[in-house]
Amino acid sequence: MEKIVIIDDETEIFSLNTEISKALNSLNREIDLYYSRPESTFEIISRLKDSHTVVVTKATTAINNDVIENSPSLKHIAVFGTALDHIDLNAATRNEIVTTSIPNTFTMSVAEHTMALMFSLMKKIPEINSRIKNDNQWPSIEVDLINGKTIGIIGSGLIGEQVAKMASSFGMHVIMSPVIRLDNARIRTIEEFAEVADINLLLENSDVISIHTKLTAETRHLIDNEEFSKIKSNAIIINTARGSLINQSVLYDALITGKLSGAALDVFEKEPIEESSPLKGLKNVILTSHNGANSKELIAKSVANLIENIKKNL
């Protein structure tokens, strides 16, 4: 009987006491369920012993070449999410392993989270809330008007498109900079709700910069020293895509030296974020725990898509 391994269910989405677990059990397969993130390649390999299918829920669980070459029974990598940058697709293909994901399911959730971060940062909601609750103050703080501001969206996928449409509805001017080459039809579609421009123009003219592109070898540290030098000092940056798209140490320097007004991050170069991260001590930074996709209304739909992927490849 094929064995299914849920390798990193730290948030217990697949808890054995839920309807989701009942759906998994309907597959009538042996299921190994781990409620922690594996800490090493060796631990991943150990957990995958004799497995047919691995369900990967965390972007930090790297199914790399070493894992694949040392998991001879593995036939299916089922990613509970959209991005596949933590999967060695070449190694999987070479070993005749199918890789599946659930694209587009979380588009609205991540887009809403992006907008929530933008509003919270520009309206200084966490600071006001903290001063009322913790310091017994009744602060009057100047905040930014969102209407009329320019948002620059790096990336041209569905999440970036949804953020662009939401921002436009609040009276923001939208600039989009595709990271990959687009065909003319896609460019015309984007031009219906955004100005299409290169990344340098976007960085120089945006009040809000929001990142929505894939992490690849080419896009790692897409926002680095040179890029920060072009951003307006009163701008903010939001990242709900992948942590390594921004050089985090350079981001910190920009924030403490006044080269950047603020940042809101749902993703980090290392997750969970380090206990000693200096970003935690900055008032002009909002941090969330890679939670942008976790809208309860979408979890059941996402699991149904995942289970369908598993069924097709047993």
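Reader: How many bridges join strand β6 to strand β7?
Author: This is a predicted model. In it, β6 covers residues 150-154 and β7 covers residues 173-177. The two strands run parallel. Ile 154 stands opposite Ser 177 in β7. The number of bridges joining β6 to β7 is 5.

Reader: Which are the edge strands of the open sheet of 7 strands?
Author: The order of the sheet is β8-β7-β6-β9-β10-β11-β12, with parallel pairing. An edge strand here pairs on one side only. That holds for β8 (195-196) and β12.

Reader: Which strands are joined to β10 by 4 bridges?
Author: β9, residues 208-211, runs parallel to β10 and is joined to it by 4 bridges. There, Ile 211 stands opposite Asn 239. Another 4 bridges join β10 to β11, again in parallel, and Ile 238 has Ala 264 as its partner in β11. The strands asked for are β9 and β11.

Reader: Which residues of β10 are buried on each side?
Author: In a regular strand the side chains alternate between the two faces of the sheet. Both faces of β10 are covered. One side holds Ile 236 and Ile 238; the other holds Ile 237 and Asn 239.

Reader: Why do the buried residues of α11 lie on the same side?
Author: Helix α11 spans residues 248-256, and its buried residues are Gln 248, Val 250, Leu 251, Ala 254 and Leu 255. They lie on the same side of α11 because the arc they cover around the axis is only 155°. An α-helix has 3.6 residues a turn, so residues three or four places apart point the same way. The value that settles the matter is the arc of 155°.

Reader: What covers the buried residues of α11?
Author: One part of the cover is a helix, α10 (225-228). Strands contribute too. Among them are β10 (236-239), β11 (262-265) and β12 (285-287).

Reader: Which residue with a positive phi follows α11?
Author: Its phi is near 80°. The residue is Gly 258.

Reader: Where is the cis peptide bond from Glu 271 to Pro 272?
Author: Omega of this bond is near -5°. Pro 272 has its place in the loop between β11 and β12.

Reader: Is Asn 28 buried or exposed?
Author: Asn 28 is not a glycine, yet its phi is positive, about 55°. Its place is in the loop between α1 (19-25) and β2 (30-33). The cut-off for exposed is over 50% relative accessible area. At 56%, Asn 28 is therefore exposed.

Reader: Is Asp 50 buried or exposed?
Author: Asp 50 sits in the loop between α2 (41-47) and β3 (53-56). Its phi is near 65°, a positive value in a residue other than glycine. With a relative accessibility of 54%, Asp 50 counts as exposed.

Reader: Which residues are closest to the centre of the second largest pocket?
Author: The volume of this pocket is about 520 Å³. It is lined by 23 residues. The closest to the centre are Leu 121, Lys 124, Glu 127, Lys 283 and Asn 284.

Reader: Which element supplies the largest share of the lining of the second largest pocket?
Author: By class, the lining has 8 nonpolar, 6 polar and 9 charged residues. α5 (107-122), α6 (125-135) and β12 each supply at least two residues. The largest share is 5 residues, and it comes from α6.

Technical notes:
Residues numbered from 1 in each chain as written. Predicted model: local features only at pLDDT ≥ 70, side-chain atom pairs only at ≥ 80, totals over all residues. Heavy atoms only, no water. Buried < 20%, exposed > 50% of the residue type's maximum accessible area, 1.4 Å probe, protein only. Arc of directions from axis to C-beta. Contact = heavy atoms within 4.5 Å. 1 Å grid on protein atoms, 1.4 Å probe; cavity = no way out; pocket = protein on both sides within 12 Å on 5 of 7 lines; lining within 4 Å. Points joined across faces, edges and corners; volume = space filled by probe spheres on them. Nonpolar A, V, L, I, M, F, W, Y, C, P; charged D, E, K, R; others polar. Pairing = 2+ DSSP bridges.
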